[in-house]
Amino acid sequence: MKYKQFPTDFLWGGSTSAYQFEGGWDAEGKGPSVQDVRKNIPKGTTDFKVASDHFNHWKEDVALMAEMGFKSYRFSISWSRVIPKGIGDVNKDGIKFYNNLIDELLKFKITPIITMFHFDLPAALDKDGGWLNPKIVDAFENYAKVLFENFGDRVKHWLTINEQNIMMLFGEIVGIDFGKSDNKLKAKYQVNHHMMLSQAKANILCHKMVKEGKIGPAPNINPAYPASTKPIDNTATFNLRIMRNFFFLDVAVFGRYHYLVLNYLEKQNSMFEIKEGEMDVLNDKLAKPDFIAFNYYASSTVAMPEKSFKEQKLTDQQVIRSLEGMYQQVPNDNLTKTQFGWEIDPIGFRNVLRELYDRYNLPLIITENGIGGHDKLIDGKVDDQYRIEYYKYHLKEMKVALNDGVEIMGYNPWSAIDLISTHEGSTKRYGFVFVNRDEFDLKDMSRHRKESFFWYKDVIKTNGKNL
Ligand code: BGP
């Protein structure tokens with residue numbers, strides 16, 4: 001079968017996030033984030049304070065990305081490095097750190113793709129009610145302004161909020177506490193509404209302030225399959241598809257909250273508050289994203305829950321999810337699993353690319369995809385053949401989707417270099433480059449090219465021709 005080839009300006013790259021990669025948690029005026037002060041640290045790590053020490057290795061790290069041939073690098077800015085208390089004084093040294101990083105990337109013609117927020121709210125804002133406090137919207141808008149003012153001359157690709165849907169639906173696993181409110185469901189959707197407004201305001205500002213700037217959301221999207229041919233399982237699949245995926249993107253693109261979710265919240269007496277004028281902000285023409293970025297790891301297989309169903313813990317973040325009367329996720333016997341029990345579904349990748357393009361008709365960019373495993377450094381080498389296999393299948397399917405006619409701008413897998421996993425600490429590695437530290441021993445942090453490094457380098461060099 002002959003595939004259409006990748007465009008010549010395709011953004012082949014890799015991803016990281018500040019709190020999982022940077023370290024330097026209190027260096028040069030950085031304020032603490034919720035990740036620095038959190039109590040429920042994942043079991044496989046001391047904390048996120050040193051992480052991969054990119055703060056002191058950034059030049060070497062960019063050189064490795066350049067050696068792989070990266071055309072883009074998606075990373076996040078730590079809000080509290082730039083504005084230590086989230087609002088108020090700007091930290092000049094924080095700006096300098098990111099200016100240096102951006103200039104170094106540009107020196108190698110690597111396009112920076114910046115995530116404005118990736119799970120690391122400034123601790124000072126969290127103390128003040130975090131995302132539940134409506135004041136957060138102005139704080140985020142101000143933060144966006146500082147970013148565009150300082151970096152907008154050189155950075156043209158922006159992402160607002162990483163995995164807003166995961167934070168909102170399963171926030172506890174990424175350190176968000178909804179615990180204090182008496183109506184948890186309402187609080188979650190209120191948080192979501194504040195994030196939506198923050199995103200819309202950032203989009204508007206980007207379109208006003210950044211010449212030729214492009215901005216988009218970066219949710220985690222799963223394709224969903226009915227567990228059986230029973231019509232009711234198809235109903236449940238539709239429920240999950242809306243509640244987990246499209247509810248969030250529909251607001252960004254169409255400026256509307258999906259009826260199914262609003263109706264559900266009404267029935268639960270949990271409708272969130274929308275103040276006068278807020279829907280106008282969400283519907284502002286300048287608030288519309290220029291592309292859809294998304295993270296893809298797995299698919300969902302869905303049944304209508306039995307009354308007796310109880311949530312069971314499967315593996316780390318892959319808990320079987322259910323919502324009474326709406327959906328229940330079940331294991332899919334057709335799929336193999338990663339070392340950490342996540343289902344592997346390359347065809348699902350094609351499915352989701354087609355579905356997103358079909359619904360929104362905007363160019364797509366993949367901001368995460370990848371496989372976590374226990375890598376070992378033996379005689380200076382890391383044999384991660386399983387990672388190469390994983391990428392081979394996913395990239396093949398991405399190419400088929402391209403051939404189906406889907407517009408894809410770039411692929412930035414997780415992760416460029418080893419970092420601390422959100423749920424498993426340093427036991428679970430994702431990078432093309434091994435970082436010599438383990439769970440509780442920081443060792444020398446030296447960098448080592450894995451086998452996948454050389455494989456991916458060749459993919460980029462040949463612009464995916466041999467996939
Ligand atoms: C995504 C997050 C990333 C990353 C990844 C892998 O949800 O955006 O920050 O952590 O998942 O997850 P984990 O590290 O738990 O394996």
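Predicted model: local features only at pLDDT ≥ 70, side-chain atom pairs only at ≥ 80, totals over all residues.

Trainee: Which residues of helix H11 are buried?

Mentor: In H11, which spans residues 259–267, the buried residues are Leu260, Val261, Tyr264 and Leu265. They lie on the same side of H11, because they cover an arc of only 130° around the axis.

Trainee: And what is exposed on the other side of H11?

Mentor: Tyr259 and Lys267 are exposed there.

Trainee: What do the buried residues of H11 pack against?

Mentor: They pack against helix H9 (184–209), helix H10 (231–254) and strand S9 (322–323). Just after H11, Asn269 takes a positive phi of about 55°.

Trainee: Turning to the rings, how many aromatic pairs does the structure hold?

Mentor: It holds 36 aromatic pairs. One of them joins Trp79 and Phe140; the ring centres are 5.6 Å apart and the planes stand at 75°, so this pair is edge-to-face.

Trainee: Where in the chain are Trp79 and Phe140?

Mentor: Trp79 is in helix H4 (residues 79–82) and Phe140 is in helix H7 (residues 136–151), so to speak of distant parts of the chain: they are 61 residues apart. Trp79 counts as buried, at 0% relative accessibility, and Phe140 also counts as buried at 0%.

Trainee: Which charged residue lies over the face of Phe97?

Mentor: Arg81 does, at 5.4 Å from the ring centre. Arg449 lies over the face of Phe453, at 5.6 Å from the ring centre.

How values were computed. Residues numbered from 1 in each chain as written. Heavy atoms only, no water. Buried < 20%, exposed > 50% of the residue type's maximum accessible area, 1.4 Å probe, protein only. Helix = DSSP H or I, 4+ residues; strand = E, 2+ residues; numbered from the N terminus. Arc of directions from axis to C-beta. Contact = heavy atoms within 4.5 Å. Phe/Tyr/Trp six-rings, centres within 6.5 Å; stacked < 30°, edge-to-face > 60°. Lys NZ or Arg CZ within 6 Å of the ring centre and 35° of its normal.
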